[in-house]
Amino acid sequence: MGKVLDDDLIFLVLSIVEEIPEGKVATYGQIAGLADRPNNARLVGKILGMSEYYGEYPCHRVVNNNGRLAPNLPTQKEKLESEGIKFKNDEHVDLKKHKWII
């Protein structure tokens, strides 16, 4: 891949996502920060969009910084609700209750 996106970074991001506990969510920016890439939240989103090529990861547990669901993941809400996640409205997770604190 390119200089910005290589397998080491992909597996680092996916390993962080794998650590998000059931019943919690993390933000793209939070994952980027944990990967020592604090300004690359969009890159995290790109990696999560390709995650199926690398195995099964709980990418449904990642939301934007306002708690909004991913627009291209139709089963995300259903999966989060099955884990006990509560929503502020139809599209936004209640981050005060469910954000993963490390």
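Q: What covers the buried residues of helix 3?
A: In this predicted model, the cover over the buried residues of helix 3 includes helix 1 (7–18), helix 2 (28–34) and strand 2 (62–63). The buried residues of helix 3, which spans residues 41–49, are Leu 43, Val 44, Ile 47 and Leu 48.

Q: Why is His 60 called buried?
A: Buried means under 20% relative accessible area, and His 60 has a relative accessible area of 10%, so His 60 counts as buried. His 60 lies in the loop between helix 3 and strand 2, and, not counting residues up to four places away in sequence, it touches Leu 73, Gln 76, Lys 79, Leu 80 and Glu 83.

Q: How many cavities of 30 Å³ or more does a search of the whole structure find?
A: The search finds one, and the largest cavity has a volume of about 30 Å³. Helix 1 and helix 3 are the elements that give two or more residues to its lining, with the largest share, three residues, coming from helix 3.

Q: Which residues line the largest cavity, and what is their make-up by class?
A: The lining consists of Leu 9, Val 13, Ala 32, Ala 35, Arg 37, Asn 40, Leu 43, Val 44 and Ile 47, and by class it has seven nonpolar, one polar and one charged residues.

Terms used
Residues are numbered from 1 along each chain as its sequence is written. This is a predicted model: local features need pLDDT of at least 70, side-chain atom pairs count only at pLDDT 80 or more; totals for chains, interfaces and linings use all residues. Side-chain values use heavy atoms; hydrogens and water are left out. Buried means under 20% relative accessible area, exposed over 50%, partly exposed in between (1.4 Å probe, protein chains only). Helices (H or I, at least four residues) and strands (E, at least two) are DSSP runs, numbered from the N terminus. Contact means heavy atoms within 4.5 Å. On a 1 Å grid over the protein atoms alone, a cavity is a set of points where a 1.4 Å probe fits but cannot get out, and a pocket is an open set with protein on both sides within 12 Å along at least five of seven lines; lining residues have an atom within 4 Å of a point. Grid points are joined across faces, edges and corners, and a volume is the space filled by probe spheres set on the points. Ala, Val, Leu, Ile, Met, Phe, Trp, Tyr, Cys and Pro count as nonpolar, Asp, Glu, Lys and Arg as charged, and the others, Gly among them, as polar.
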